[in-house]
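Here is a short briefing on side-chain contacts.

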Amino acid sequence: MSPAEDPPEVAALWWDLHTGYVEVLVGGTSWQRSQFDRIRKACRQPGSAWKTLLYGAALEAAAITPGTPLIDAPVTEYDEVQNVFWKPKSSGRFRGAVLAEDAFAASLNAPAIDVLGRVGGQAVIALAQRLGVTSPLADVGPLALGASCVRPLELARAYAAVIRGGWALVPRLVVRVRRGPQARPE
């Protein structure tokens, strides 16, 4: 990277999953260069991080079990919204029949499409919303692969609820504001 180029931006969140107190929130690399808060305002595709919610919704609806066989093979899907065909990418080789728990652990894309077909997009969206995702989500095939736009804080809230056994947690960004010492006129 040359000195004239801006460094890549970053977003980071550190919070206590018992109390909800946010201890660190970094919304970018330089406040002087950009005041845009990437934790609370940037909308990004979560990619495979989304599969936790996909498989969670499928387990909750009893659409699959960890031992459900799924097929990891090339698949072509039709997106009715955009009127196009699309193919999920593979890590290089397809494995054929795999158990749901193995497909999830390996983050396999083709089985994720199968899981979405079994549970339905509305069930995944409903779970995501219950866990703290407020961004609009499209009920389309790429939803299985995390192609919808969500904010990092929303995804963090959803993961916090998963970690806490389904109990949602609202981040507490500001606990109190105290008045500082008064400046004395000279």
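Buried means under 20% relative accessible area, exposed means over 50%, and partly exposed lies in between. Arginine 118, at 38% relative accessibility, therefore counts as partly exposed. The model is predicted. The structure holds 5 salt bridges, and the count of aromatic pairs comes to 2.

**Salt bridge within a helix**
- Arginine 118 and aspartate 114 meet in a salt bridge, 3.0 Å from N to O.
- Both residues lie in helix H3 (residues 109–119), 4 residues apart, about one turn of the helix.
- Aspartate 114 is partly exposed, at 26%.

**Other salt bridges**
- Salt bridges with shared partners join Glu9, Arg33 and Arg38 into one network.
- Arginine 38 bridges to glutamate 9 at 3.8 Å, N to O.
- Arginine 38 sits in the loop between strand E2 (22–26) and H1, and glutamate 9 in the segment before strand E1 (12–15), so the pair ties together parts 29 residues apart in sequence.
- Arginine 38 is buried at 13%, whereas glutamate 9 is partly exposed at 32%.
- Arginine 40 pairs with aspartate 37, with the closest N and O atoms 2.6 Å apart.
- Arginine 40 is partly exposed at 42%, but aspartate 37 is buried at 10%.

**Aromatic pairs**
- Tyrosine 55 and phenylalanine 104 form a tilted pair, 5.1 Å centre to centre with 55° between the planes.
- Tyrosine 55 lies in helix H1 (residues 51–60) and phenylalanine 104 in helix H2 (residues 100–105), so the pair links parts 49 residues apart in sequence.
- Tyrosine 55 is buried at 5%, while phenylalanine 104 is partly exposed at 36%.

Terms used
Residues are numbered from 1 along each chain as its sequence is written. This is a predicted model: local features need pLDDT of at least 70, side-chain atom pairs count only at pLDDT 80 or more; totals for chains, interfaces and linings use all residues. Side-chain values use heavy atoms; hydrogens and water are left out. Rings of Phe, Tyr and Trp (its six-membered ring) pair if their centres lie within 6.5 Å; planes under 30 degrees apart count as stacked, over 60 as edge-to-face and the rest as tilted. Helices (H or I, at least four residues) and strands (E, at least two) are DSSP runs, numbered from the N terminus. Buried means under 20% relative accessible area, exposed over 50%, partly exposed in between (1.4 Å probe, protein chains only). A salt bridge is a side-chain nitrogen of Lys or Arg within 4 Å of a carboxyl oxygen of Asp or Glu.
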